Amino acid sequence: MSSAEKLLWTNKYKPKSFDEIIGNKEAISQFRSWIEEFFNGTAKYKAALLWGPPGVGKTLTVEVASIVYKAELVQMNASDNRSYGDIERIAMAASKHFGFGSSRKIILVDEIDGILTSEDRGGLSALIKLIEVSKFPVVFTANDPWDPQFRQLRDMCLMIQFYGVRSTSIVGFLEKICRAEGISYDKEALKFIADRSEGDVRSAINDLQTCVAGKKTLKLDDVKWLGYRDRVTPAFDVLRGIFSSISCNAARRYTITSDLSYDELLQWLNENIPIQYGNVYELIDAYNALSKADVYLGRIKRSQDWSLLSYAMDLMTAGVSMAKREKYKFVKYSFPERIRLLQKSMSVREVMNEIALLIAKNCHVSSRTALSEYLPILKVIFTHNVNMAAGIASWLGFDDRMIDFLTNNPSISEEIKRLMKR
Ligand SMILES: Nc1ncnc2c1ncn2[C@@H]1O[C@H](COP(=O)(O)OP(=O)(O)OP(=O)(O)O)[C@@H](O)[C@H]1O
Ligand SMILES: [Mg+2]
């Protein structure tokens with residue numbers, strides 16, 4: 001593992017034994033029995049298909065098996081190498097011959113769902129052939145193997161289902177990392193990260209590393225912004241992917257799996273290029289590529305000639321990635337200011353409108369009057385007289401967000417909420 005790869009906590013703290021893997025005990029024990037039977041020559045199936053949601057330990061289980069059973073791991077990713085030729089060249093060749101060093105091998109073809117999107121229809125039949133000819137256990141992984149085209153393959157495999165990992169287990173794992181890194185943490189913060197990860201251990205570890213970013217403490221406030229997670233995490237992953245890729249093709253791929261729009265991607269890159277790139281030539285090249293992309297995007301908007309989009313995307317992904325002169329460093333990315341402002345003002349406007357509606361209903365005025373005449377007075381009351389504020393808030397039925405908005409001060413808000421409970 002290169003020193004850059006070690007910087008990622010998902011690599012640094014990657015389990016090396018089955019006991020260290022959290023969750024999915026049933027799946028792991030099924031897998032272990034099968035592979036032991038295979039090496040004893042008693043297995044019913046020649047292949048296994050580990051399937052389930054992302055980041056829960058499918059690939060990891062096979063990696064650990066290769067350590068524990070002292071087998072050489074021959075690994076290929078079906079999304080990268082999708083044609084019959086690729087599979088024959090890498091996996092099938094390895095599956096026929098005993099290696100020099102260890103006499104055991106495990107053939108892992110990762111992410112086979114990707115094979116169906118290939119134009120080369122030979123990929124799938126190559127996988128079936130691989131099972132037939134292999135002298136070694138063949139393992140596939142997939143998020144969703146239920147496409148009818150996989151039917152024959154599924155029938156040839158022992159199907160092992162993986163599930164999302166429980167939040168409490170993830171918290172425990174994150175605690176271990178914090179202790180190893182000498183970080184003092186609020187348990188609430190770890191719980192927040194774990195809950196938001198929805199059982200995805202990889203994304204929880206990545207979020208932890210992003211939120212800690214070089215500090216030695218982690219508080220709830222440091223992780224609260226993950227509330228934007230549904231948009232933010234994919235964006236962070238895309239950035240990390242683009243900046244760390246060492247080939248144009250790899251860099252390009254990261255946008256395909258994300259739901260960022262090209263406009264958003266431009267904002268994210270614009271904000272984060274100076275954070276990622278320290279070398280002045282890297283900066284020049286990256287901004288050069290980005291500005292050209294911007295020109296294309298402008299032209300597309302004016303002319304509606306969408307065929308130009310691929311040029312803009314190439315410049316933003318491959319162009320920005322290839323500006324790299326030095327090794328990829330793990331840095332904390334920042335949320336584009338423009339998008340943040342937009343979201344903030346949007347939610348502020350929403351809260352104001354909701355307050356205005358409640359006033360209008362109870363005071364029999366229009367919501368416009370409520371906004372222009374009542375709201376400013378309420379703000380003064382809420383910051384200067386907590387008792388009166390609590391009375392008004394109960395009467396009008398304000399929720400926490402509304403109180404927070406009117407006081408704009410967490411400790412006053414807390415006091416008002418406490419008074420309301422009395
Ligand atoms: N159950 C787990 N216990 C401990 N660490 C885990 C676990 N699952 C994932 N990780 C961490 O996340 C990384 C990625 O996990 P892995 O590659 O196994 O995910 P996956 O299930 O194969 O996901 P995908 O479907 O995206 O390929 C691992 O290298 C490890 O660091
Ligand atoms: Mg995997």
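An oxygen atom of ligand 1 sits 2.8 Å from an N or O atom in the side chain of Lys58. This is a polar contact, meaning a pair of N or O atoms within 3.5 Å. The protein covers 93% of the 630 Å² of accessible area that ligand 1 has on its own (areas come from the Shrake-Rupley method with a 1.4 Å probe). The model you are looking at is predicted: local features need pLDDT of at least 70, side-chain atom pairs count only at pLDDT 80 or more, and totals for chains, interfaces and linings use all residues. Residues are numbered from 1 along each chain as its sequence is written, chains are lettered from A and ligands numbered from 1 in the order written, and side-chain values use heavy atoms, with hydrogens and water left out.

The backbone joins in too. A polar backbone atom of Ile22 lies 2.8 Å from a nitrogen atom of ligand 1, and one of Gly57 lies 3.1 Å from an oxygen atom of the ligand.

Now let us look at the whole shell. Ligand 1 is surrounded by 18 residues, each with a heavy atom within 4 Å of it. The closest are Thr10, Ile22, Gly55, Lys58 and Arg202.

Technical notes
A polar contact is a pair of N or O atoms within 3.5 Å; within protein, one must be able to donate a hydrogen and the other to accept it, and residues adjacent in sequence count only if both atoms are side-chain atoms.
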